[in-house]
Amino acid sequence: MDSQRTPDPVGANPVTSRTTVSGQAGAVLPSLRFDIVTLFPEIFSGYLTQSLLAKAIDKGLVEIHVHNLRDWSVDQKHHKVDDRPYGGGPGMLICVEPVIRCVEAVIAMDSRPASVVLLTPQGEQLGQQRVEKLAPLGRLILLCGRYEGFDHRVIELLNPLELSIGDFVLNGGEVAAMVVVDSTIRMIPGVLGDEQSSWDDSFSRGNRLLEFPQYTRPVEFRGLKVPEVLTSGDHGRIAQWRAEQSQMRTRERRKDLLGSQPSETD
Ligand code: 6GU
């Protein structure tokens, strides 16, 4: 493979390449382009037309291009892209040739440098801190595996960031790719409404703890009352109560998070 076309390692893309002109009064906003490579492109159609993502696409903040790996098959007749593993064993592997041909073609579809992400249960487990690092990269190529995975030379040639979404096995990387898209677009300014912010989300930069409990009307339901402090109008007390609740929940449910409070450098 031509080394000039090898994607930059994740994190090495120039920050200056990630701007686009939005529809609003010539404002320049960071945007994110996803290229999803899959054997099952139809899986994404419902998701792509749903609320937050559809709006982000409309606003020009997010671009999603889904590519069928079979289009780059070397087998003209059956568009086969998988084969049996050398050395034996169950299942089929995705062949190296169509993946490299596809990724090279997809890279050439846009001048922005792309970071390649391969979805696999062998990958680093996705967390909010990784999500925050992905969002500014400008362009992500997401490779979804099926069967038993990819020929290892895909990883040797592309040096992708390998990501998993948890310690369980999915039938393929498509659902995991949607998780990456969904979590990453929330970090792009303008994707969430003005009144919303990802800053206070659980695990986010502003708050590496779990969220406090929230209530809305009615003030009493089946004998369960909204905590008095929340209807007191005393914003100082409310903030203190919420901070305490976050601490308490995190201590009870996710002690592992307590060692990683946000810091200046985080
Ligand atoms: Cl990214 N892929 C598959 N197939 N299974 C998974 C996963 C990914 N993450 C967790 N389980």
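Colleague: Which residue stands opposite R33 in β4?

Modeller: R33 faces E63 there. Strands, like helices, are DSSP runs numbered from the N terminus (E, at least two residues, for strands; H or I, at least four, for helices). This is a predicted model, where local features need pLDDT of at least 70, side-chain atom pairs count only at pLDDT 80 or more, and totals for chains, interfaces and linings use all residues. Residues are numbered from 1 along each chain as its sequence is written.

Colleague: In what sense do β3 and β4 pair?

Modeller: First the general idea: strands of a sheet pair through backbone hydrogen bonds, either parallel or antiparallel. Two strands count as paired if DSSP finds at least two bridges between them. Here β3 (residues 32-38) and β4 pair in the parallel sense, over 7 bridges.

Colleague: What is the order of the strands in the open sheet?

Modeller: Its 5 strands run in the order β4-β3-β8-β7-β9, with parallel pairing. At the edges are β4 (62-68) and β9, each of which pairs on one side only. On average, neighbouring strands of this sheet are turned by 30 degrees against each other, direction ignored. For such angles, axes are lines fitted to C-alpha atoms, for helices over the stretch in contact, and angles run from 0 to 180 degrees between N-to-C directions.

Colleague: Now the core, please. Which residues touch the most other members?

Modeller: In soluble globular proteins, nonpolar side chains tend to be buried together. A nonpolar core is a set of buried Ala, Val, Leu, Ile, Met, Phe, Trp, Tyr and Cys residues joined through C-beta atoms within 7 Å. Buried means 20 or more other C-beta atoms within 10 Å of the residue's own, exposed means 12 or fewer, and partly exposed lies in between, with C-beta atoms placed from the backbone. The largest core here has 48 residues, and V117, L119, I141, L142, L143 and A177 touch the most other members. Helix α6 (residues 174-185) gives the most to this core, with 6 residues.

Colleague: Where is N159, and is N159 exposed or partly exposed?

Modeller: N159 sits in the loop between α5 (152-158) and β9 (161-164). N159 is partly exposed, because 15 other C-beta atoms lie within 10 Å. Although not a glycine, N159 has a positive phi of about 45 degrees.

Colleague: And what about R222?

Modeller: R222, also not a glycine, has a positive phi of about 45 degrees. R222 lies in the loop between β10 and β11 (224-225) and is exposed, with 4 other C-beta atoms within 10 Å.
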